[in-house]
Amino acid sequence: MMCPMHLLKLEEHMNELDGGQILELLTDYDGALEDVPAWCDKTGNEFVGIDEAEDYYKIYIRKTRKTIS
């Protein structure tokens, strides 16, 4: 998904989690490497890290807030 759709889907899935849970996001979109950490800063969630595979990235985010607006 291209910007901003990947961030909208991310927000949708984060809203389904409880505080403290970690979301694993799989993507092959290079732009997410900058967009997701910036989104975490903006929303107050914790950017945990990135694992890089040959064809995709795994991005980990810990939900630190009860709701995202």
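Buried means under 20% relative accessible area, exposed means over 50%, and partly exposed lies in between (1.4 Å probe, protein chains only). This is a predicted model: local features need pLDDT of at least 70, side-chain atom pairs count only at pLDDT 80 or more, and totals for chains, interfaces and linings use all residues. Residues are numbered from 1 along each chain as its sequence is written, and side-chain values use heavy atoms, with hydrogens and water left out.

**View 1. Overall fold of the protein.** The protein has 2 helices and 3 strands. Helices (H or I, at least four residues) and strands (E, at least two) are DSSP runs, numbered from the N terminus. Along the sequence the pattern reads α-β-α-β-β. Of the 69 residues, 32% are buried.

View 2. The Asn45 side chain makes a polar contact of 2.8 Å with the side chain of Thr43. A polar contact is a pair of N or O atoms within 3.5 Å; within protein, one must be able to donate a hydrogen and the other to accept it, and residues adjacent in sequence count only if both atoms are side-chain atoms. A polar atom of the Asn45 side chain also lies 3.1 Å from the backbone nitrogen of Thr64.

**View 3. Thr64, in the segment after β3.** Is Thr64 buried, partly exposed or exposed? Thr64 is partly exposed, because its relative accessibility is 41%. Thr64 and Glu46 are 18 residues apart along the chain, with their C-alpha atoms separated by 6.5 Å.

**View 4. Glu46 in strand β2 and its salt bridge to Arg62.** A salt bridge is a side-chain nitrogen of Lys or Arg within 4 Å of a carboxyl oxygen of Asp or Glu. By this rule there are 2 salt bridges. In the pair Glu46 and Arg62, the closest N and O atoms are 2.8 Å apart. This pair links distant parts of the chain: Glu46 sits in strand β2 and Arg62 in strand β3, 16 residues apart. Glu46 is partly exposed at 34% relative accessibility. Arg62 is partly exposed, with a relative accessible area of 26%. The C-alpha atoms of Glu46 and Ile22 are separated by 9.1 Å, and these residues lie 24 apart along the chain.

View 5. Lys9 and Glu12 form a salt bridge, with the closest N and O atoms 3.6 Å apart. Glu12 is partly exposed at 38% relative accessibility. Lys9 is partly exposed, with a relative accessible area of 33%.

**View 6. Thr27 in strand β1 (residues 22–27).** Thr27 has a relative accessible area of 14% and is therefore buried. A polar atom of the Thr27 side chain lies 3.0 Å from the backbone nitrogen of Tyr29.

**View 7. A negative surface patch.** Which residues form the negative surface patch? The patch consists of Asp28, Asp30, Glu52, Glu54 and Asp55. Patches are made of residues with over 30% relative accessible area and no salt bridge, like charges being joined within 9 Å and nonpolar side chains (Val, Leu, Ile, Met, Phe, Trp, Tyr) within 5 Å. Asp55 lies in the loop between β2 (46–52) and β3 (57–62). Asp55 counts as exposed because its relative accessibility is 60%.

Key. Accessible areas come from the Shrake-Rupley method with a 1.4 Å probe; for residues, only the protein chains shown count as cover. Lys and Arg count as positive and Asp and Glu as negative; His and the chain ends are not counted. The place of a charge is taken as NZ of Lys, CZ of Arg, CG of Asp or CD of Glu.
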